[in-house]
Amino acid sequence: MTIRAVVWDVDDTLFDYTTADREGMRAHLAAEGLLAGYATPEQALGRWREITDRQWARFSAGEVSFDGQRRDRVRVFLDRELSDAEADAWFRRYIGHYEAAWALFPDVLPALDALAASHRHAVLSNSSLTVQEHKLRTLGLLDRFESVLCAAELGVSKPDPGAFLAACEALGLPPGQVAYVGDHPEIDGRGAAEAGLLSVWIDRGGVYPRDVDAVSAHRISTLAELPALVRSDTRFGAPSTFG
């Protein structure tokens with residue numbers, strides 16, 4: 001079956017979220033005078049990362065709103081009671097530093113350019129529409145996509161098949177004609193495959209385990225590999241890109 005569209009994850013797929021978050025939080029903690037409470041900046045950043053992952057899991061499970069998980073990240077990190085307004089203000093100050101560090105991965109624009117004439121494009125993210133549209137607009141990518149769908153508005157998060165099927169519905173295409181590209185082997189890789197899409201895991205050498213037997217996705221290490229993959233569609237017998 002011919003792949004007619006590519007649906008993209010955003011953070012750590014198109015946009016270097018990990019670096020921006022690390023550098024933005026480092027600058028924010030220095031500005032807030034909070035680094036003195038930790039043995040090293042890396043210790044503070046590690047604690048922020050752990051809290052972020054834990055609160056994001058609560059949001060993905062529907063236990064808390066998008067704004068609520070942000071506020072709870074601040075409260076847990078600071079270990080004190082804060083009003084919603086106080087938590088929001090702290091997070092906004094962090095956002096200023098975070099946005100200053102925003103950047104695309106260098107392989108993004110060449111891949112989008114290579115597929116611009118042959119494939120339709122959309123975004124599916126576990127974030128919110130306000131956040132991701134602002135990010136894509138700032139990075140100069142928003143006009144590249146027909147649709148931007150996010151969990152906060154959909155009411156369903158990856159890896160639930162409903163999230164991937166919503167993206168296919170927005171494009172008016174069956175799952176078998178859509179590829180999904182994301183950086184997380186389970187949330188993106190397995191989720192897209194189980195929903196019936198051509199699943200592509202962009203493995204940028206992150207923190208995720210690399211047990212290829214546990215992931216039903218084609219693994220690539222750079223988006224330069226993507227055009228050949230979606231044009232050939234290796235689902236039905238051809239070798240995958242796993243190595």
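Biologist: Why is Phe164 called buried?

Modeller: This is a predicted model, and in it Phe164 has a relative accessible area of 0%. Buried means under 20%, so Phe164 counts as buried.

Biologist: How do you know whether Tyr180 is buried or exposed?

Modeller: Its relative accessibility is 1%. The cut-off for buried is under 20%, so Tyr180 is buried.

Biologist: What makes the rings of Trp48 and Phe91 a tilted pair?

Modeller: The structure holds 17 aromatic pairs. In this one the ring centres are 6.4 Å apart, and rings pair if their centres lie within 6.5 Å. The planes stand at 40°; under 30 degrees would be stacked and over 60 edge-to-face, so the pair of Trp48 and Phe91 is tilted.

Biologist: Which parts does that pair tie together?

Modeller: Trp48 lies in helix α2 and Phe91 in helix α4, so the pair ties together parts 43 residues apart in sequence. Both Trp48 and Phe91 are buried.

Biologist: What makes Phe164 and Tyr180 an edge-to-face pair?

Modeller: The angle between their planes is 90°, and over 60 degrees counts as edge-to-face. Centre to centre, the distance is 5.0 Å. Phe164 is in helix α8 and Tyr180 in strand β4, 16 residues apart.

Biologist: Why is α3 called roughly perpendicular to α4?

Modeller: Helix α3 and helix α4 pack at an angle of about 90°, their axes 9 Å apart. Angles of 65 to 115 degrees count as roughly perpendicular, so α3 is roughly perpendicular to α4. The contact has seven nonpolar, no polar and six charged residues.

How values were computed
Residues numbered from 1 in each chain as written. Predicted model: local features only at pLDDT ≥ 70, side-chain atom pairs only at ≥ 80, totals over all residues. Heavy atoms only, no water. Axes fitted to C-alpha atoms, helices over the stretch in contact; angles between N-to-C directions. Helix = DSSP H or I, 4+ residues; strand = E, 2+ residues; numbered from the N terminus. Parallel < 35°, antiparallel > 145°, perpendicular 65-115°, else oblique. Nonpolar A, V, L, I, M, F, W, Y, C, P; charged D, E, K, R; others polar. Phe/Tyr/Trp six-rings, centres within 6.5 Å; stacked < 30°, edge-to-face > 60°. Buried < 20%, exposed > 50% of the residue type's maximum accessible area, 1.4 Å probe, protein only.
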